[in-house]
Amino acid sequence: MDISDLLISQREVKGKILIVDDQIINIKILRQLLHDDYDIHMAKDGHQALEMCSSVKPDLVLLDIEMPTLNGFEVCRELKNNPKTTDIAVIFITGHFDEEKEVQGFQLGAVDFIHKPINPIITKARVKNQFMLKRQNDLLLKFALYDGLTGIANRRHFEQRFSENWRLCAREQKPISLIMLDIDQFKQYNDHYGHQQGDDCLLKVAKALSDTVNRPFDLVARYGGEEFICILPNTTFIGAQHIAQKIIANVQAINIQHEYSNVAKHVTISAGVATTIPEQEHLHDLLIELADKQLYIAKKQGRNQVAA
Ligand code: GH3
Ligand code: MG
Ligand code: MG
Ligand code: MG
Ligand code: MG
């Protein structure tokens, strides 16, 4: 399948739009206009909007600016600061034209502005336009930053996020932890069950990892063949060991049969943990090396365990 096939197949899926406005009548107008072409969700204030962005994961948010308690700008800032919601496209809907405010909105990461009272035909065209751009952008990101087999972050994504998190934790003098993981006796698994089933196993293990490590700023990535790595910013050594234990338990719990492993009769994983309070000038690769050394120790001590 090439990129153009993927684009076409994506187009067949109805896009999701979240409409946010404190005036029900405004929501109704936009909903009426767009519900034939998109899957519409609605929120009547900023807090509800943030909740729904996490749960519904819309492609696009039509965001009113003037709202009580949390205004549109504040909502947009939160969305863009959270890696889980940062890719959601934001179009502001505003009652009055204000040059300075519009510039501010674009600086916050909005892709467009629509003025009230809305012009239905232009609004529809603008939404459609942003939708196509969003779809193309998602696809490029998917190819650049995610692993094709498991769908989790790839190594490039890891490197990028690790240096960002390193800088942040250095600035705030907060601990950062890494967990390096490697499936046990996976060569045996492939040799006996075949490469296809090996791929299927990788997919299930990756899912167990991302189900376990799921705070907004954590990242689980495929580091290499059957190796994974987790970044846990703002996490202590004790906290990271605890999460690593949970990963080991959760991989056991999915209970993938592995008759030929001499560790257990099911697929297991080993983990190495390393933590530091980083300094800006330190080489962050040293922390990767340390986690890798611990992983090696976990293997030597019998696998299916955490070394720290
Ligand atoms: P250990 O417990 O020491 O980690 O042993 P191991 O057998 O897991 O380690 P080894 O490095 O000897 O083997 C790794 C295996 O992982 C060999 C390789 O074929 C397999 N592998 C790597 N990437 C993939 C993949 O994408 N799909 C499948 N099916 N297998 C893969
Ligand atoms: Mg309003
Ligand atoms: Mg390996
Ligand atoms: Mg292995
Ligand atoms: Mg080996």
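In this predicted model, N304 counts as buried because 21 C-beta neighbours lie inside 10 Å, a residue being called buried if 20 or more other C-beta atoms lie within 10 Å of its own, exposed if 12 or fewer, and partly exposed in between, with C-beta atoms placed from the backbone. N304 belongs to the loop between α11 (285-300) and β10 (306-307), where helices (H or I, at least four residues) and strands (E, at least two) are DSSP runs numbered from the N terminus. Although N304 is not a glycine, its phi is positive, at about 55°. N255 likewise is not a glycine and has a positive phi of about 55°, but this residue is exposed, with 12 other C-beta atoms within 10 Å, and is found in the loop between α10 (237-254) and β9 (269-276). Most residues other than glycine have a negative phi, and most peptide bonds are trans. The peptide bond from K116 to P117, by contrast, is cis, with omega near -5°, and P117 is placed in the loop between β5 (112-115) and α6 (120-145).

Residues are numbered from 1 along each chain as its sequence is written, while chains are lettered from A and ligands numbered from 1 in the order in which they are written. Because the model is predicted, local features need pLDDT of at least 70 and side-chain atom pairs count only at pLDDT 80 or more, whereas totals for chains, interfaces and linings use all residues.

Over the whole protein, the secondary structure comes to eleven helices and ten strands, and 34% of the 308 residues count as buried. The C-alpha atoms fill a box of roughly 70 × 45 × 30 Å along the principal axes. Of the contacts with a separation of 6 or more, 64% are accounted for by residues 24 or more positions apart, two residues being in contact if their C-beta atoms, placed from the backbone, lie within 7 Å.

Helix α7 (residues 155-172) has 18 residues and reaches 25 Å from its first C-alpha to its last, close to the 26 Å expected at 1.5 Å a residue, where the expected span is 1.5 Å times one less than the number of residues. Its buried residues are F158, F162, N165, W166 and C169. Seen down the axis of α7, these buried residues fall within an arc of 115°, so they line one face of the helix; the arc is that of the directions from the helix axis to the C-beta atoms. The buried residues of α7 are covered by elements including β6, β7 (219-224) and β8 (227-233), while the face turned away from the buried side carries the exposed residues S163 and R171. Just after α7, Q173 takes a positive phi of about 50°.

A UniProt record (unreviewed entry) places the feature "modified residue: 4-aspartylphosphate" at D64; UniProt positions are given in the numbering used here, feature names are shortened, and annotations may be inferred rather than shown by experiment. D64 lies in strand β3 (residues 60-64) and is buried, with 26 other C-beta atoms within 10 Å. Not counting residues up to four places away in sequence, D64 touches V20, D21, D22, N26, G72 and I93.

Around ligand 1 there are 17 residues, of which D184, F186, K187, G198 and G225 come nearest, a residue being near a molecule or strand if its C-beta atom, placed from the backbone, lies within 6 Å of it. The elements giving two or more residues to this shell are β6 (176-183), α8 (186-193) and α9 (195-212). The shell divides into four nonpolar, six polar and seven charged residues, where Ala, Val, Leu, Ile, Met, Phe, Trp, Tyr, Cys and Pro count as nonpolar, Asp, Glu, Lys and Arg as charged, and the others, Gly among them, as polar.
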